[in-house]
Amino acid sequence: MPNTASVTVEGIAGIRACRFPFGRGVTPSVACVTCVPQNANPTSLTLTYNGVPLHFPDIALASSHVHRRRDGRHPLMRLFLKDRRWRWAGIRITGDWNRRFASGVVDPAVRKTPAELATLLLNRLGEFGFDVSQMPTGMYPRADWHATRADLALQKLCDDVACEVVLNPLTNRVEIWPSGTGARSATGAGEAVRKYESRLRSFIPSTVTLAGGESLYQYRLQLQAIGRQSNLQEKKLSDVDWAEDLESTEALTFPSLSSNELNQTLALATAWKQFRVSGVEGGGLQVPGCQTPIASTSQYDLKDYILYAVRDANGLLQKLPYYVEGDFWPYADTADNVSGQVFLGSSKLYAERGVVEFETPVFKLTSTGAKEVPELYLQTAYAVRDANGIPQRVSGSINVGGGGGDLLLHHPEIFASYAPTGNTESLAYAEGNAYLAAFARKYQDPIASQITYPGLAFGSLNGIIAQVAWDWSVVEAPSTIVYEGDEMDIEAPSSLARKRNLQVEAML
Amino acid sequence: MIPADRSAPFFRKGWVRVKNDSGAEIPPHSVVLITGSESTDGETVYTVIQPNAASTDFNWNGYLITGPFLIGAADGDEGIATTATESALARFDTGSPALKDVYGPKHGQLTLSKGYHGFEVIGSTTTSAGYSVVPVRWIGVNEVLIKNETGSSIAAGSSGTFNVYIGTAGSETDSGMDLTCYNRSSVSFATAKFGAAGRLNGSSVYGIPWQT
């Protein structure tokens with residue numbers, strides 16, 4: 001039968017066969033070329049069918065070995081050739097993109113869409129003429145690269161936004177395709193083996209769930225003066241067992257307690273120095289805008305920073321610490337209290353206890369100079385947990401109909417913040433929904449398939465066509481297998497195996 | 001804005017701990033008289049009373065100005081005070097203190113009074129805890145005007161009790177405080193005559209007649 005197909009490898013003679021499963025991703029695909037034994041230093045591979053060439057420049061020899069044949073005929077050599085993506089592994093990139101303010105909003109100064117991040121990476125990989133125009137929008141994946149391998153960063157980016165890296169052999173250019181999009185392999189085109197479809201249920205999740213970060217609130221929290229009484233229990237200051245002996249004129253020393261050294265020690269350590277969160281400003285426990293019922297202050301998960309950030313000398317955003325404000329005597333010369341002022345003295349926040357401890361006693365003075373309880377409020381960010389300890393967070397879920405359980409998209413950088421000046425809930429949910437939409441598209445038609453065409457059929461991969469395997473030898477007719485849905489060729493690593501290897505490489 | 005940390009005005013002053021022995025509340029910014037001290041947990045705590053509450057004796061020193069806190073009347077109630085060698089806000093009884101005016105403790109009250117001895121006004125009046133207060137500094141007492149109102153002369157080389165006079169020169173009045181002085185001059189200190197008294201040789205008080 002006339003063979004109108006051929007395979008040439010520059011610098012290699014006597015090629016007997018070639019099998020080339022060509023797939024998506026950042027790792028090179030490997031062609032297996034069988035030839036007569038020889039010294040080998042190949043640089044390019046060309047498949048030709050009916051006079052049309054498909055050229056793979058800049059290949060690299062991964063391995064070679066000669067094997068003796070049991071029928072006594074001359075030995076053969078097998079060459080394993082990587083496509084030009086082998087060069088990507090040695091290239092590193094540094095950058096810091098999509099940092100966020102303490103409120104969760106992306107800093108406009110460093111905001112990059114997935115396409116912009118891919119552009120940075122592909123430029124760094126030495127690519128040009130690439131196409132990232134189809135990448136999804138509305139999400140801002142965190143990119144904190146410190147001499148990071150650019151190929152691994154590109155794969156992670158595409159995995160995060162449900163895209164595929166395609167090296168188009170027809171144009172020798174890189175394209176980024178959204179998973180689940182693109183033309184399907186043609187049928188009724190004289191295929192040698194018809195298309196057989198399969199449903200890889202175990203690889204298709206039943207649901208895709210987005211888990212964002214904890215929602216954060218910043219409504220002023222009321223502080224209540226506390227003390228530690230003789231059994232070491234913490235109580236409201238007026239309720240501790242030694243409080244009845246306390247004079248309204250005492251705050252710096254407690255001579256009225258001098259007859260009981262333990263009580264005096266506890267008073268010196270805690271009275272007017274420790275204040276705990278008792279609820280939100282104005283009374284009550286319920287935080288404005290929070291849907292979770294709050295029955296206890298223990299449901300407030302206090303942070304030690306506020307929902308505001310400033311740029312330091314290097315232009316980096318720095319969170320600002322919590323602070324206390326209110327009405328108190330500011331250790332002035334006069335006995336006048338301040339009102340609504342920030343307390344600039346030293347304090348420490350014990351977040352898990354909801355307690356602020358001041359270095360020096362904090363109190364107000366009455367019109368006659370006696371001590372009284374100050375009116376203090378804590379300004380800090382806090383999450384709210386439900387009765388089971390689960391924090392309120394941005395979340396969403398879609399059904400995709402598989403049997404593979406729940407696919408969790410963990411995005412702690414996406415969270416809503418709520419403050420009297422406004423909230424970022426709509427922004428956070430918009431970004432979260434963009435991720436869900438990308439994965440809904442990926443799994444919208446989860447059919448895998450395989451079809452075999454006669455000869456060497458040349459085309460490109462996309463978001464649906466995952467792999468093409470060209471098979472040529474001197475003794476058989478050439479064929480092309482096209483796989484949709486996943487890389488299922490048995491003579492190449494699966495996409496799952498490839499990505500697991502990449503994760504291991506990322507740790508090295 | 002006052003930072004309320006260790007750099008706040010309160011912490012830049014040298015406060016001492018005082019215990020109220022007067023039996024009544026001591027309002028903020030009061031002048032008090034030290035009557036003794038005790039050591040409490042290694043810290044010296046001064047016992048204070050209202051000036052000249054126990055007697056009419058003139059005191060050359062031993063005064064403190066209390067801080068911006070009320071000191072309670074109960075037995076053992078404590079507060080803070082300063083010697084005011086740099087400055088302190090002090091209450092005054094009447095008038096409008098002016099810069100460089102001399103004010104001092106007056107028998108039977110916790111406020112400073114003009115013309116009495118010991119404190120110099122170094123600033124302008126302000127308010128604190130509803131009181132009018134003025135910055136003062138302790139300048140000490142070098143010499144006081146005295147008058148022999150015993151009814152008889154105090155001979156040279158003998159001691160006697162003199163009344164301390166204060167006020168505008170030429171129209172001085174009795175301050176209500178008295179002072180035992182030694183007449184070391186060679187002349188008798190006649191009754192109803194004025195002189196001066198000063199503390200020399202440590203704590204010895206000498207009076208000399210200006211009039212014969």
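This is a predicted model: local features need pLDDT of at least 70, side-chain atom pairs count only at pLDDT 80 or more; totals for chains, interfaces and linings use all residues.

**Salt bridges**

- Searching the whole structure, over all chains, turns up 37 salt bridges.
- One of them brings together the side chains of Glu164(A) and Arg24(A), with 3.6 Å from N to O.
- That pair ties distant parts of the chain together: Glu164(A) sits in strand β10 of chain A, while Arg24(A) is in the loop between β2 (15-23) and β3 (30-35), 140 residues apart from it.
- Are these two buried or exposed? Glu164(A) counts as buried because its relative accessibility is 9%, and Arg24(A) counts as buried too, at 6%.
- Over in chain B, the side chains of Glu38(B) and Lys19(B) form a salt bridge of 3.0 Å, N to O.
- Here too the pair links distant parts of the chain, with Glu38(B) in strand β2 (residues 31-40) and Lys19(B) in strand β1 (residues 16-20), 19 residues apart.
- Glu38(B) has a relative accessibility of 33%, so this residue counts as partly exposed.
- There's a network as well: salt bridges link Arg19(A), Asp471(A), Asp489(A) and Glu491(A).

**Nonpolar cores**

- The largest nonpolar core has 126 residues. Which of them touch the most other members? Those are Leu154(A), Val287(A), Leu378(A) and Tyr382(A).
- A second, separate core has 32 residues, including Tyr103(B), Tyr116(B), Val121(B) and Phe162(B).

**A covered helix**

- Helix α2 (residues 150-160) of chain A is largely enclosed by the rest of the structure, because eight of its 11 residues are buried.
- Among the buried ones are Leu152(A), Leu154(A), Leu157(A) and Cys158(A), but also Asp151(A) and Gln155(A). You've met Leu154(A) already, as one of the residues that touch the most other members of the largest core.
- What covers the buried residues of α2(A)? The cover includes the strands β8 (92-97), β9 (143-149), β10 (163-168) and β11 (173-178), plus the helices α1 (114-124) and α5, all in chain A.
- Just after α2(A), look for Ala162(A), which takes a positive phi of about 55°.

**A nonpolar patch on the surface**

- Val504(A), Met507(A) and Leu508(A) make a nonpolar surface patch of about 390 Å².
- Met507(A) belongs to helix α5 (residues 495-507) of chain A, and this residue counts as exposed because its relative accessibility is 68%.

**A strand with two partners**

- Strand β12 (residues 143-147) of chain B is mostly covered, with four of its five residues buried.
- Five bridges join β12(B) to strand β15 (residues 194-200), and the two run antiparallel. Three bridges join β12(B) to strand β13 (residues 159-166), also antiparallel.
- Lys147(B) is a handy residue for finding both partners: Phe194(B) in β15(B) stands opposite Lys147(B), and Asn163(B) is its bridge partner in β13(B).

Key: Residues are numbered from 1 along each chain as its sequence is written. Chains are lettered from A and ligands numbered from 1 in the order in which they are written. Side-chain values use heavy atoms; hydrogens and water are left out. A nonpolar core is a set of buried Ala, Val, Leu, Ile, Met, Phe, Trp, Tyr and Cys residues joined through side-chain atoms within 4.5 Å. Buried means under 20% relative accessible area, exposed over 50%, partly exposed in between (1.4 Å probe, protein chains only). Patches are made of residues with over 30% relative accessible area and no salt bridge: like charges are joined within 9 Å, nonpolar side chains (Val, Leu, Ile, Met, Phe, Trp, Tyr) within 5 Å. Accessible areas come from the Shrake-Rupley method with a 1.4 Å probe; for residues, only the protein chains shown count as cover. A salt bridge is a side-chain nitrogen of Lys or Arg within 4 Å of a carboxyl oxygen of Asp or Glu. Contact means heavy atoms within 4.5 Å. Two strands pair if DSSP finds at least two bridges between them.
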